[in-house]
Amino acid sequence: MSEFYSREESRTIKTGLYALLAIVIVASLTVWGRQDTTELDDGQSYEIKARFGRTDGLLVGDLVRMAGVNIGKVVDAQLDKDFRAILTLDINENIHIPDDSSASIVSSGIMGKKYIEIEPGGSFDFISPGGEFSYTQDAMVIEELIDRIISIGKANKSENK
C-alpha cells in the first residue's frame with residue numbers, strides 16, 4: 001500500500017477496513033443470535049398470557065426463560081382496548097409457574113435480543129393453562145437508559161462545580 005498512498009492514507013485505509021470488519025462481525029453475531037429458537041419437550045405445552053405497556057424489540061418466536069433456562073417461547077402478540085400488549089406464551093407442560101410469579105422483558109447484553117424472564121414466586125398455587133401473569137415489567141428502552149445516565153452525570157458534574 002505504501003507505494004500508492006502516503007503513510008497517513010495507508011493508516012486511514014487500514015482503520016476503515018478494521019472498522020468494516022468489526023461491523024460485519026457484530027452484524028453476523030446479531031443475525032446468528034436471532035436464530036436461537038426453542039423446541040419444547042416432545043411438543044407438549046400450554047399457553048399463558050402476559051400484559052405489558054411496552055415490548056420494544058420483543059418479537060413473536062422469542063424465548064421465555066426461568067433461571068436462565070429456556071422454558072417456552074412467545075407465540076402471539078396483540079393489543080388490548082387500552083393499547084397494552086397481550087403476549088401469549090407457550091410454556092413447556094413440565095414447568096409449573098407459581099401464580100405470584102412475575103414476567104419481565106429483558107435483553108441478553110446491551111445490544112442483545114430480548115426475551116421474557118420469569119421470576120418465580122413462592123405460592124403453592126400455579127398459573128393454570130389460559131391464565132395470566134398478575135405482575136409484569138415492561139421492556140427498558142436502551143435510549144431512555146442512556147439519557148438517564150447522561151442526565152445523572154450532568155447533575156453530578158454541576159454539583160461538583
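## A loop residue, an open sheet and a nonpolar core

Phe-83 sits in the loop between S3 and S4. Keep in mind as you look around that this is a predicted model. Is Phe-83 buried or exposed? With a relative accessible area of 65%, Phe-83 is exposed, because the term applies over 50%. The backbone of Phe-83 also deserves a look: its phi is near 65 degrees, a positive value in a residue other than glycine.

You can find Ala-67 in the loop between S2 and S3, and at 71% relative accessibility it counts as exposed.

**The whole chain**

Now let us step back. The chain holds two helices and seven strands, and along the sequence they follow the pattern α-β-β-β-β-β-β-β-α. Of its 161 residues, 26% count as buried. The chain exposes about 11000 Å², and carbon and sulfur atoms supply 57% of that area. Among contacts with a separation of 6 or more, residues 24 or more positions apart account for 67%.

**The sheet**

In what order do the seven strands of the open sheet lie? The order is S1-S4-S3-S2-S6-S5-S7, and the pairing is mixed. Strand S1 (45-52) and strand S7 (135-137) are the edge strands, each pairing on one side only. From one strand to the next, the twist averages 30 degrees.

S4 (residues 85-92) runs antiparallel to S3 (residues 69-79), and seven bridges join the two. Lys-73 has Asp-90 in S4 as its bridge partner. S4 is also joined to S1, by eight bridges, and this pair too is antiparallel. Here Lys-49 has Thr-88 in S4 as its bridge partner.

**The nonpolar core**

The largest nonpolar core has 20 residues, and the members that touch the most others are Leu-89, Ile-91, Ile-97, Ile-116, Ile-118 and Phe-133. Several elements give two or more residues to this core: S1, strand S2 (63-66), S3, S4, strand S5 (102-107) and strand S6 (114-119). Which element gives the largest share? That is S1, with four residues. In soluble globular proteins, nonpolar side chains tend to be buried together.

Leaving aside neighbours within four places in sequence, Leu-89 is in contact with Tyr-46, Glu-47, Ile-48, Ala-50, Val-64, Lys-73, Val-74, Ile-116 and Phe-133.

Thr-88 lies in strand S4. Is Thr-88 buried or exposed? At 4% relative accessibility it counts as buried, because buried means under 20%. The side chain of Thr-88 makes a polar contact of 2.9 Å with that of Lys-49, the residue that is also its bridge partner. Beyond neighbours within four places in sequence, the contacts of Thr-88 include Glu-47, Ile-48, Lys-73 and Val-75.

Arg-84 lies in the loop between S3 and S4, and with a relative accessible area of 32% it is partly exposed. How far apart are the C-alpha atoms of Arg-84 and Arg-51? They are separated by 6.5 Å, although the two residues are 33 residues apart along the chain. The side chain of Arg-84 reaches the backbone oxygen of Arg-51 at 3.2 Å. Leaving aside neighbours within four places in sequence, Arg-84 is in contact with Arg-51, Phe-52, Gly-53, Gln-78, Leu-79 and Thr-136.

| Residue | Relative accessible area | Class |
|---|---|---|
| Thr-88 | 4% | buried |
| Arg-84 | 32% | partly exposed |
| Phe-83 | 65% | exposed |
| Ala-67 | 71% | exposed |

Technical notes:
Residues are numbered from 1 along each chain as its sequence is written. This is a predicted model: local features need pLDDT of at least 70, side-chain atom pairs count only at pLDDT 80 or more; totals for chains, interfaces and linings use all residues. Side-chain values use heavy atoms; hydrogens and water are left out. Two strands pair if DSSP finds at least two bridges between them. Axes are lines fitted to C-alpha atoms, for helices over the stretch in contact, and angles run from 0 to 180 degrees between N-to-C directions. A nonpolar core is a set of buried Ala, Val, Leu, Ile, Met, Phe, Trp, Tyr and Cys residues joined through side-chain atoms within 4.5 Å. Buried means under 20% relative accessible area, exposed over 50%, partly exposed in between (1.4 Å probe, protein chains only). Contact means heavy atoms within 4.5 Å. A polar contact is a pair of N or O atoms within 3.5 Å; within protein, one must be able to donate a hydrogen and the other to accept it, and residues adjacent in sequence count only if both atoms are side-chain atoms. Accessible areas come from the Shrake-Rupley method with a 1.4 Å probe; for residues, only the protein chains shown count as cover.
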